[in-house]
Amino acid sequence: GQSHGANEGALEYAGGGTNANPNAKRLAALFPMCGGNFNASKTKGARMANVPMWIFSSWGDSVGGSIGGINAVNYAAGATPYKDVTDPSIVVTLPDLLYSFATVGGSETLSIGSPAINTTPISLPPYIPVEGEKINMMRTVSFVNGSWSWADGYQRDPGSKNMMTLLPSFKHTIWNTTHGLGDLWTWVFLQSRAPATRSIFSAERFNTTRAVVNQAYADTLATKVTAPRGASFTRDVKGPAWLKVALDGTLSGTPGISDLGINTWDITVTTTDTNNLQITETAELILFVESPGYNEWWQQRNGYAELSIPAIQSGPAGDDDADGLTNYFEFVTGSDPLLHTSDPRNPNPIDPVTLTQDPVVPSFTVSIAPVNGNSSQMQITYGPLIKGQTYTVKSTDSLISETWTSENTFTANAAMATRVVTVSTPSTPARFYTVEIQKP
């Protein structure tokens, strides 16, 4: 669920039903985003306590805040939020609670730590990070064996059932970024409502490290089994062909473009039990193949305060510099998603990855005009062009048909300000043109 779909959809449904017959028993996992307005309670938390849950909230979310999502994790983990006035009957506080919220006189109060650490609440809006505390940057909190643990970025404790990622300096639409997180989808598809008893694999589904398109992959399955006594590994023929599995569990191969996303295979292991009797067991391997640089680009661009570079807050579909072009369009065309053409800031920002000065790249534009003295031809001018990218001018006589014909394809060997393509004027009443950009 996203936003209202997280509040009144995923979280409300998971916390609904009755104590004897909760809705949550129908669910394999939850990953709500921006569910700050969820009316969390101890009763709802107890109902969803056995459902694996990964909540995502933004400290820059002035629309929904973060309180509801945070307390959903608290209650599901069995932790009572400190000074939670929504349930006056609660008097027990837990020493391992790291944060909680309450509403007092219309203003929201954040309490860091347990009463033994901090008995004085701090009044502040729910989307402002507390300086010096665990939430002053993107972090993920996991609840394992009765205690909380923190990690940077999206890293979670693999043994945790209840987790939450806090994203700083984002706005409300964090799902534009979070849905592109390969680790989230790997985690989701590892969940099941009724895990079977296993002798060799610890679960009926398991995962390993991510792979990258057109890059050699290497890993091993030997560490994934509990009884590898002379274990022999094989894989089914139905999964993507790029992955090779050696008998000793060594993984190798190079995924291609067509392998992007979730890849799955059935892995069979033959070994012996403690009585030296042969046993065989099969489990599903889930492996995420990602595009080189894409996920990293969006994640690394989320805050470089030490370089005075603002953060991309609204994800690929947003328009942070308000120039009418989406962040993703500007990324593909080589312009800066954070720099409006009229922005008086430094015209040569520092690239947060290479730490070098970036040249100013104007917004990508396309124009069309008749050829002087030749009414049977039109000139299409587009640019700027980036070295290595391929640009294809296409045309159609009907936008309804969605059938486009290629007029000209060009791969830039060097950066160019503009390119002009001349095309014949058709006898049809109207013709439409587009420029397709392929980013390697």
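Strand β17 and strand β20 (residues 419–424) run antiparallel and are joined by 6 bridges. Strands here are DSSP runs of E, at least two residues long, while helices are runs of H or I of at least four, and both are numbered from the N terminus. Two strands count as paired if DSSP finds at least two bridges between them. Y382 has R419 in β20 as its bridge partner.

Before going on, a note on the source. This is a predicted model, where local features need pLDDT of at least 70 and side-chain atom pairs count only at pLDDT 80 or more, while totals for chains, interfaces and linings use all residues. Residues are numbered from 1 along each chain as its sequence is written, and side-chain values use heavy atoms, with hydrogens and water left out.

Back to β17, which covers residues 374–383. Strand β17 also pairs with strand β16 (residues 365–371), antiparallel, over 7 bridges. The hairpin of β16 and β17 has 2 residues between the strands, and G373 takes a positive phi near 75 degrees.

Next, strand β21, residues 432–438, which contains F432.

Finally, the whole chain. The protein chain has 7 helices and 21 strands. Of its 440 residues, 43% are buried. Among contacts (heavy atoms within 4.5 Å) with a separation of 6 or more, 58% link residues 24 or more positions apart.

Conventions: Buried < 20%, exposed > 50% of the residue type's maximum accessible area, 1.4 Å probe, protein only.
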